[in-house]
Amino acid sequence: MTTYPRPYVSPRPDLRAGPGSHPPAPPPAVPRRGAGGRRLLIVLFLGGLVASVLPWWLDTPAGSLTGSTAMTTAAGQITGLVAGYLLLVQVLMMSRLPVLERWAGGERIARWHRDVAATLLVAVLAHAALILVGYAGLEGRSLLGQAGVMLREYQDMVSAFAAAGLLVLVGLVSVRAVRRVLPYELWHATHLAAYAVLLLGFAHQFSNGSQLFRPGPARTGWIALYVLVAAAWLWGRLVVPLRFNLRHRLRVADVVTESPDAVSLYLTGSGLDRLELLGGQFFRWRFLTRGCWWQSHPFSVSAAANDRWLRLTVKVVGRHTQDLRNLDPGVRVWAVGPSGTCTAAHRTRERALLIAAGSGITPLRAMLEELPPGAALIYRARTPADVLLQEELDWLARNRGLRVWYVVGSRNDPGPRQVMTPDGLRQLVPDVARRDVYLCGPPGLVEQYRRVLRQAGVRRRQIHLATFEL
Amino acid sequence: MRRALLAITGLAASTTALVVFKAAPGTGQPAQEAPTAAEGPAPAARPEEATPRASTSPKPTRSAPRASRSASSGAPKTPAASRTGPAAAQPTASTVVGPVVSNEFGDVQVRITVVGDQIVNAAALQLPRRTAQSDQRSDQVDSRYSGAVGMVVERQGADLDTVSGATATSDSYRRSLQAAIDQTR
């Protein structure tokens, strides 16, 4: 394969060490992080869910729900409380609070966000429908008549109906099939409108919510919840990034071509030795130059943390990544992160198998230096030119006891087909079932591999995916 | 997505379970009784009355035409009888209870306390409380009109300003009040 000129060699002294010289002792693997934090988050979530329905439970004397109208209204109240709580949880999950990133990780939180979103949508629609039917029954009106009365006579109901409508819209554009055909910007803009749901839906909870309109512990607690979530959001979205960027002041140092369609960006800054970055994590980057500053994109860091530079390796696929190729040294960079739990610290076993496809190598490359010795890497690429960072991988293979297989070819070639089967995997890595497996690549391939790995006897919690849908 | 389906099913199931649990008077009681046990030292004979909210609400037999509504009148907020308290301390006081006046939101019934020919207190025995909205408006009406320093005592009659947004309830209140005043003469 062709090698490309590397004009900026100086920040990579470990590569210049080469095969002949004596390699420095490899740094120890990073310590493991347990699943304790994640479990605590789930317990907190369930506790909050119970607490949010508790006001209704205490307010409703047993035996008081006689007749279907009263039951319908009660169900509407419950779903309303649940929906209000879930909406706050949704915003909290998007607050990028460091503790959430550390305990659960961006990818997992994005998955939770999706699941909770579907539940929230159903809860809101159920709430609206049940309350409408219930109140219509109580006041002896038709459904349409009751909706009209609610909109005209009840406080804050116009905004509440608007909030529900917006939520349905956000839900619609987030359905996978719809989202795929929409431009990212449209999806993103409607998602920003979800904050309006929070504002529009706020007032009617306190003016009409049977459990919340009276001053008392329930109302106070509910308001406190809002204040807490707002504070968490401000902290995670504003304070933390501001502090990070003021401390590190990242700038582009160099742009290096890695392959015909991939570039590495080297960034320098101050205080990089204090950066708490794990290999495999990503930042959301904003390059403060004309045409780029308004976009923020997640890219993985493609080398382990060191005290002089950061590197991200980017596949050029669109307008934005095309622009990155032409960045000038000195351009300021605004970074938010690090996030992600596809790291050596989240391993459950002492040995690892990494499966990368295409540019999915970048986060895994950064992890390699932090894994205990004995790791194995399967690198899928369509053509030899698609193999990125090969020099470094070979060097790591020699110096950190890493086994590397480059599996090059199209999906139907015998080599790639073989590593796509449980038996083929076991031939390469006989103890695959006793390893952590890290997967990074195009979503379709990752999903396929996940299935193959499960067939090969790898347990679910040993499989770490670095696909993030944001 | 599979988890989302589970969550939605869970939501539906647990909402139904909660409602059904509350609908059945016998079964839900012990679980609910535990935290509120401190409320009263004497264990109530009838469990329904031991819960804090459903306290001693007088439910006179009503001539209200909408009997079907009474099915839901056991809902959380029954009129608080405690509001009627203080003025009864006057030795020469007498209380007069007005008739139940119904409107489309529920029933209104007013009780006044009279000393000589002075109204010294007024209280609502019943107000529409079926939805949060009407509950809230009833509270507004109640706080404006009732009490020893309310508008009824101030004006010494049923010529009261309508509480905005609660016209029907204000009106019913005035009618029940007027009937009660008429009885004293």
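**Figure 1. The hairpin of β3(B) and β4(B) has 2 residues between its strands.** In this hairpin B:Gly116 takes a positive phi near 65°. The model is a predicted one, in which local features need pLDDT of at least 70 and side-chain atom pairs count only at pLDDT 80 or more, while totals for chains, interfaces and linings use all residues. Residues are numbered from 1 along each chain as its sequence is written, and chains are lettered from A and ligands numbered from 1 in the order in which they are written. Strand β3 of chain B covers residues 106–115 and pairs with β4(B) in the antiparallel sense over 7 bridges, where two strands are said to pair if DSSP finds at least two bridges between them. One of the positions along this pairing is B:Val115, whose bridge partner in β4(B) is B:Gln118. Strand β4 of chain B, residues 118–126, is mostly covered, with 7 of its 9 residues buried; a residue is buried if 20 or more other C-beta atoms lie within 10 Å of its own, exposed if 12 or fewer do, and partly exposed in between, with C-beta atoms placed from the backbone.

Figure 2. Helices (H or I, at least four residues) and strands (E, at least two) are DSSP runs, numbered from the N terminus. Read from the N terminus on, the elements of chain B follow the order α-α-β-β-β-β-α-α-α. Of the 185 residues of chain B, 36% count as buried. Among the contacts in chain B between residues at least 6 apart in sequence, 54% join residues at least 24 apart, a contact being two residues whose C-beta atoms, placed from the backbone, lie within 7 Å.

**Figure 3. Helices α3(A) and α9(A) pass each other in a left-handed crossing.** Two packed helices are described by the angle between their axes and the distance between the axes. The axes of α3 (residues 68–93) and α9 (residues 184–208) of chain A come within 11 Å and cross at roughly 150°; axes are lines fitted to C-alpha atoms, for helices over the stretch in contact, and angles run from 0 to 180 degrees between N-to-C directions. The two helices α3(A) and α9(A) are therefore roughly antiparallel to each other, given that angles under 35 degrees count as roughly parallel, over 145 as roughly antiparallel, 65 to 115 as roughly perpendicular and the rest as oblique. A crossing is called left-handed if the near helix is turned anticlockwise from the far one by less than a right angle, and right-handed if clockwise. On the side of α3(A), the residues A:Gly84, A:Leu87 and A:Val91 meet A:Val197, A:Leu198, A:Gly201 and A:Gln205 of α9(A). By class, this contact of α3(A) with α9(A) has 4 nonpolar, 3 polar and no charged residues, where Ala, Val, Leu, Ile, Met, Phe, Trp, Tyr, Cys and Pro count as nonpolar, Asp, Glu, Lys and Arg as charged, and the others, Gly among them, as polar.

**Figure 4. Helices α5(A) and α7(A) pack at an angle of about 145°.** Helix α5 of chain A spans residues 106–139 and helix α7 of chain A spans residues 157–174, with their axes 10 Å apart, and α5(A) passes α7(A) in a left-handed crossing. From α5(A) the contact is made by A:Ala117, A:Leu121, A:Val124 and A:Ala128, and from α7(A) by A:Ala164, A:Leu167, A:Val168, A:Gly171 and A:Ser174. The residues of this contact of α5(A) with α7(A) divide into 7 nonpolar, 2 polar and no charged.

**Figure 5. An open sheet of 3 strands in chain A has the order β1-β2-β5, with antiparallel pairing.** Its edge strands are β1 and β5 (310–315) of chain A, each of which pairs on one side only, and neighbouring strands of this sheet are turned by 20° against each other on average, direction ignored. A hairpin joins β1(A) to β2(A) through 2 residues, and the strands β1 (residues 251–259) and β2 (residues 262–268) of chain A pair over 7 bridges, with A:Tyr266 in β2(A) as the bridge partner of A:Asp254. Strand β2(A) is also joined to β5(A), which runs antiparallel to β2(A), by 6 bridges, and in β5(A) the bridge partner of A:Val263 is A:Val314.

**Figure 6. An open sheet of 3 strands in chain A has the order β4-β3-β6, with antiparallel pairing.** The edge strands, β4 (297–300) and β6 (333–339) of chain A, each pair on one side only, and the twist averages 30° from one strand to the next. Strand β3 of chain A, residues 282–287, is joined to β6(A) by 5 bridges, and A:Trp285 stands opposite A:Ala335 in β6(A).
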